[in-house]
Amino acid sequence: MPTIQELSTPHLLGIKYLSEDDIQLILETTDNFKEVLNRPIKKVPSLRDLTIANLFFENSTRTKLSFELAEKRLSADVINFAASSSSVSKGETLIDTVNNILAMKVDMVVMRHPAPGAAHFLAKNINANIINAGDGTHEHPTQALLDAYSIREKMGDLIGKKVVIVGDILHSRVALSNIFCLQKLGATVKVCGPPTLIPKYVTTLGVTVEHDIRKALAWCDVANLLRIQLERQTVKYFPSLREYALFYGVNKKMLDELDKKIVIMHPGPINRGVEVTSEVADSEHSIILSQVENGVAVRMAVLYLLATKRGK
Ligand code: CP
């Protein structure tokens with residue numbers, strides 16, 4: 001149970017900056033909004049006086065739609081901005097773009113941006129609550145919160161649970177946010193992947209490293225399989241996707257060989273047949289679609305809690 005009634009911060013820039021109590025408060029508040037989403041009328045008036053801008057400078061399906069739905073379920077007014085069809089292509093700076101949007105009386109900004117630190121930069125320079133919806137290879141805090149919520153929902157608690165994060169750790173904001181979040185909630189975290197995709201500093205974050213996927217699966221209660229981020233890989237980190245799939249792709253035979261049933265997660269989008277076979281992704285082991293479902297309630301909780309910090 002959280003011992004606090006409000007978040008310690010007016011922004012959600014990364015899990016690194018949240019306390020365990022902050023995270024517990026978000027998860028408990030998510031329980032309430034999940035109940036709302038299961039009602040015939042899935043809408044509450046909590047944010048009806050607020051206008052929220054969703055600024056996506058990078059592609060997204062789940063995060064963008066999930067934030068937009070969360071905002072609408074909370075009765076906020078919503079405006080959406082896609083960099084590809086905006087005046088950014090005419091040379092406008094990030095601060096000018098956002099200040100022009102804020103001049104239209106926007107209260108909160110949700111932003112995805114390819115540059116690590118972009119959300120911090122905005123929070124320092126813009127007078128609005130900022131929510132980081134993924135900044136380059138840095139953090140993706142709402143993904144980690146929905147992942148933690150989904151494990152808690154499936155397994156009851158995170159204390160003492162063993163979670164392995166598999167794949168492209170080097171380029172993954174999901175990995176970093178998950179490492180911070182899971183550890184703050186009492187889980188033990190291991191990372192697994194080819195040596196070229198595991199950054200050397202990772203052990204300084206308190207995680208262990210395993211390069212053998214079968215050993216990693218035998219150790220864990222939960223395996224979170226990350227997408228290979230080819231769009232961020234400027235050099236080759238492994239010979240081919242086929243080779244990656246052969247060594248690190250999770251298939252049904254691997255799960256059948258275990259003497260226990262583990263939970264399979266993936267933040268999406270999935271490269272079917274690369275990180276995981278369709279047979280596993282669509283199996284009873286998988287909670288991938290529960291993660292997506294929980295994302296709306298988690299984002300409602302984050303928006304609601306940050307809205308109570310407005311002007312403080
Ligand atoms: N998990 C995730 O961030 O997916 P999108 O890139 O589709 O938002």
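Proline 269 lies in the loop between strand 9 and helix 10, where helices (H or I, at least four residues) and strands (E, at least two) are DSSP runs numbered from the N terminus. The peptide bond that leads from glycine 268 to proline 269 is cis, with omega near -10°. This is a predicted model, in which local features need pLDDT of at least 70 and side-chain atom pairs count only at pLDDT 80 or more, while totals for chains, interfaces and linings use all residues. Residues are numbered from 1 along each chain as its sequence is written, and side-chain values use heavy atoms, with hydrogens and water left out.

Histidine 266 is also placed in the loop between strand 9 (263–265) and helix 10 (278–281). A polar atom of the histidine 266 side chain lies 2.8 Å from the backbone nitrogen of glycine 268. Is histidine 266 buried or exposed? Histidine 266 counts as buried because its relative accessibility is 2%, given that buried means under 20% relative accessible area, exposed over 50%, and partly exposed in between (1.4 Å probe, protein chains only). Leaving aside residues up to four places away in sequence, histidine 266 touches Asn224, Leu225, Leu226, Arg227, Glu275, Val276, Ile288 and Gln291, contact being taken as heavy atoms within 4.5 Å.

Serine 75, found in the loop between helix 2 (62–73) and strand 2, has a positive phi of about 70° although it is not a glycine. Lysine 105, in the loop between helix 3 (94–102) and strand 3 (108–113), likewise is not a glycine and has a positive phi of about 65°. Lysine 105 counts as exposed because its relative accessibility is 68%.

Four strands form an open sheet in the order 2-1-3-4, with parallel pairing, where two strands pair if DSSP finds at least two bridges between them. The edge strands, each pairing on one side only, are strand 2 (77–82) and strand 4 (129–135). From one strand to the next, the twist averages 15°, with axes being lines fitted to C-alpha atoms and angles running from 0 to 180 degrees between N-to-C directions. Strand 1 (residues 51–56) runs parallel to strand 2 and is joined to it by six bridges, and asparagine 54 stands opposite asparagine 80 in strand 2.

Next come the nonpolar cores, each a set of buried Ala, Val, Leu, Ile, Met, Phe, Trp, Tyr and Cys residues joined through side-chain atoms within 4.5 Å. The largest nonpolar core has 63 residues, of which Ile131, Leu145 and Leu303 touch the most other members. Helix 11 (residues 288–307) gives the most to this core, with ten residues, and the core draws at least three residues from each of domain 1 and domain 2. Isoleucine 131, again not counting residues up to four places away in sequence, touches Leu12, Phe67, Met108, Val109, Val110, Met111, Val302, Leu303 and Leu306. A second, separate core of 26 residues includes Cys192, Tyr248, Leu258 and Ile288.

Finally, the chain is divided into domain 1 (15–139 + 293–307) and domain 2 (141–291), with bounds that come from an automatic or database domain assignment. The C-alpha centres of domain 1 and domain 2 lie 25 Å apart, and the contact takes 31 residues from domain 1 and 26 residues from domain 2.

Methods: Polar contact = N/O pair within 3.5 Å; in protein donor to acceptor, adjacent residues only side chain to side chain.
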